[in-house]
Amino acid sequence: MPSDSNSQKAAKFSVMPKAFELKPREYEAIRVLVKEKTGINLGLRKRDLVVSRLSKRLRALGLSGFKQYIDYLDGPEGPDELVQMINRITTNKTDFFREKHHFDFLTGHLFPRIYQAGQTSGIRRVRAWSAGCSSGEEPYSICIAAAEYFQDKPGWDFKLLATDLDTTMLQKASARLYEEALLEPVPRHLQLKYFARIRRDGQVFYEAKKHLRDMITFRKFNLMHPSYPLKTTLDFIFCRNVLIYFDAQDKTDIMTKFHAVLKPGGHMFVGHSESLMMVKHLFRSVGTTVYERI
């Protein structure tokens with residue numbers, strides 16, 4: 001027979017976290033709130049995802065179910081909890097140099113075009129935006145590509161605005177530290193050139209070097225803001241795998257605002273499953289998920 005201590009251990013490890021039921025009217029209340037605050041359109045098939053990602057919050061707050069959670073969001077702690085909820089609902093899948101064809105387009109087509117125009121006009125600067133930058137792999141990849149292209153072209157100034165709605169992801173991006181495995185898509189010579197290998201708590205990390213960090217400004221920004229109050233027009237925008245969370249009208253509104261802050265002939269990069277056919281009067285296709293401002 002098992003000893004009492006073994007029985008106690010078995011009992012300890014057999015305890016499963018409490019499962020929460022999300023009733024249709026409760027899910028609808030969460031859907032409406034998320035749409036109102038972020039513009040993100042949670043489809044009817046996202047209910048299991050919402051349960052999975054928010055259950056930990058219910059346990060942390062000591063709540064008995066989603067009805068209590070919705071009441072909590074309406075209470076004095078609601079604004080702070082709303083940030084936590086949005087951070088968990090948004091998906092943040094990213095890698096260094098993800099969708100390589102976009103970076104090939106930058107270095108093989110767009111940067112040479114910008115360079116030639118700058119040599120003619122005397123305006124040697126590039127301004128860009130990574131909208132939905134997640135934990136920073138995309139903006140750092142863009143800046144590495146720019147630094148490599150313009151390194152032997154004196155007088156050029158490159159700056160990138162990187163924004164996201166998820167404050168947790170922005171903190172990770174601003175911390176500029178990446179585990180060794182995450183750097184695998186970055187060629188070894190670029191790892192050495194743009195990252196410092198450091199040890200922290202017995203683990204190896206790669207830290208973006210200062211000259212790379214200085215090219216990027218990280219900010220929280222909601223794409224549903226009525227306008228995009230930038231100080232200058234942009235040469236290009238990366239907004240990849242973000243539009244999939246919005247309905248058709250919001251996609252059109254967002255792309256109209258992007259169009260307004262791009263220079264004539266500026267470029268728009270979107271995700272592999274996204275298209276700008278709904279705004280073909282504003283953008284024309286010039287490559288695989290690459291569009292030029294009309």
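## Basis

The model is predicted: local features need pLDDT of at least 70, side-chain atom pairs count only at pLDDT 80 or more, and totals for chains, interfaces and linings use all residues. Residues are numbered from 1 along each chain as its sequence is written, and side-chain values use heavy atoms, without hydrogens and water.

## Helices α3 and α4

The axes of α3 (residues 47-61) and α4 (residues 66-73) come within 11 Å. They cross at roughly 75°, which makes α3 roughly perpendicular to α4 (65 to 115 degrees). Helices are DSSP runs of H or I, at least four residues; strands are runs of E, at least two.

On α3, the contact (heavy atoms within 4.5 Å) uses V50, V51, L54, R57, L58 and L61. On α4, F66, Y69 and Y72 take part. By class, eight residues are nonpolar, none polar and one charged.

## S135

S135 sits in the loop between β1 (125-131) and α7 (137-150).

Leaving out residues up to four places away in sequence, S135 touches T94, M169, K172, A173 and Y178.

## The sheet

Three strands form an open sheet in the order β3-β5-β4, with antiparallel pairing (at least two DSSP bridges). β3 (177-179) and β4 (195-200) are at the edges, each with a single partner strand. Neighbouring strands are turned by 40° on average, direction ignored.

Three bridges join β3 to β5 (residues 203-208). E179 has F205 of β5 as its bridge partner.

Note on methods:
Axes fitted to C-alpha atoms, helices over the stretch in contact; angles between N-to-C directions. Parallel < 35°, antiparallel > 145°, perpendicular 65-115°, else oblique. Nonpolar A, V, L, I, M, F, W, Y, C, P; charged D, E, K, R; others polar.
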